[in-house]
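Please have the sequence and the structure at hand while reading.

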Amino acid sequence: MNTNNSQTERTFIRLTKNQRIQHVVLFVSTGLLILTGFMLKGERWVIESFGGAGDTIFWWRGIIHRAAAVGVIAVCFYHMIYVVVTKEGRSWIKDMMFRWKDAVDLFQNLAYMTGFRKERPKMDRFTYLEKVEYFSIWFGMFIVITTGLMMWTEYLWPKFYLDVSEALHLGEATLAALAIIVGHIFTVHYNPHVYPMNKAFIDGKISESMMKEEHPLWYEREIAKEKVQEITNTPSAKHKGD
């Protein structure tokens, strides 16, 4: 789990290569969907300002939007298989599941932030906020993918269902855009204590100091695993095993 930083501080693996690739595909696809989707809600004069190129731009907008939708569907489908089939994925979803401790952490953290508690609660590999964000992505993706496919195959549906799907699609897309920009990007990448950026999505690493501060239970468990491995791999232990 651990590796050495080129500087002096030790680092641990926060995201594997597989997980980082999934993150990049989801981020790029979602970003393109938000950009090309909200173009439909733009002012008409902006489109007309492009002159004859406006129609061409919007033709490509539709192509890019659908291509990005395919990317999102593909990565979601892959992730479902990943968390069921692979050992790495099963570990991920197991640690993402809500537990009673998450409710305890929530109230203890609120008490800490309001001055009624001196210490922050000890968080595990994923905090309660990270778990809420993760499962809210699944909820949001179910809505936008379902309604998006309905609009993509509009000839199969009555107008009433298409109107409902369009309203749900736009509403969830707006909520997702706000959650990504205001919630995820700020709290994970531009939070003052990791400014200018948390680079875990690039190199997959978390520093030892940050791991101790934000995920102390996870840190303690990883250190305990290392100690067990060290004992197991000592010459005396190997000799006893023989």
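## Where α3 meets α4

In helix α3, the residues His 79, Tyr 82, Val 83, Val 84 and Val 85 meet Lys 87, Glu 88, Gly 89, Arg 90, Trp 92 and Ile 93 of α4, a contact being heavy atoms within 4.5 Å. By class, this contact of α3 with α4 has 6 nonpolar, 2 polar and 3 charged residues, where Ala, Val, Leu, Ile, Met, Phe, Trp, Tyr, Cys and Pro count as nonpolar, Asp, Glu, Lys and Arg as charged, and the others, Gly among them, as polar.

The axis of α3 and that of helix α4, which covers residues 87-96, come within 5 Å and cross at roughly 95°; α3 and α4 are therefore roughly perpendicular to each other. Axes are lines fitted to C-alpha atoms, for helices over the stretch in contact, with angles from 0 to 180 degrees between N-to-C directions, and angles under 35 degrees count as roughly parallel, over 145 as roughly antiparallel, 65 to 115 as roughly perpendicular and the rest as oblique. Helices (H or I, at least four residues) and strands (E, at least two) are DSSP runs numbered from the N terminus.

## Basis and confidence

This is a predicted model, in which local features need pLDDT of at least 70 and side-chain atom pairs count only at pLDDT 80 or more, while totals for chains, interfaces and linings use all residues. Residues are numbered from 1 along each chain as its sequence is written, and side-chain values use heavy atoms, with hydrogens and water left out.

The protein has a mean pLDDT (the predictor's confidence in each residue, from 0 to 100) of 88, and 93% of its residues reach 70 or more. Over residues 1-6 pLDDT stays under 50, and for these the model has 14 contacts beyond four places in sequence. Where pLDDT is low, the predicted coordinates should not be read in detail.

## Where α3 meets α6

Helix α3 (residues 53-85) and helix α6 (residues 128-152) have axes that come within 11 Å and cross at roughly 135°, which makes α3 oblique to α6. The contact involves residues of α3 including Arg 66, Val 70 and Ile 73, and residues of α6 including Tyr 134, Trp 138 and Met 141. By class, the contact of α3 with α6 has 12 nonpolar, 1 polar and 1 charged residues.

## Where α1 meets α7

The axes of helix α1 (residues 17-38) and helix α7 (residues 159-189) come within 11 Å and cross at roughly 125°, and α1 and α7 are therefore oblique to each other. Among the residues in contact are His 23 and Phe 38 of α1, together with Leu 170 and His 184 of α7. The contact of α1 with α7 divides into 6 nonpolar, 4 polar and no charged residues.
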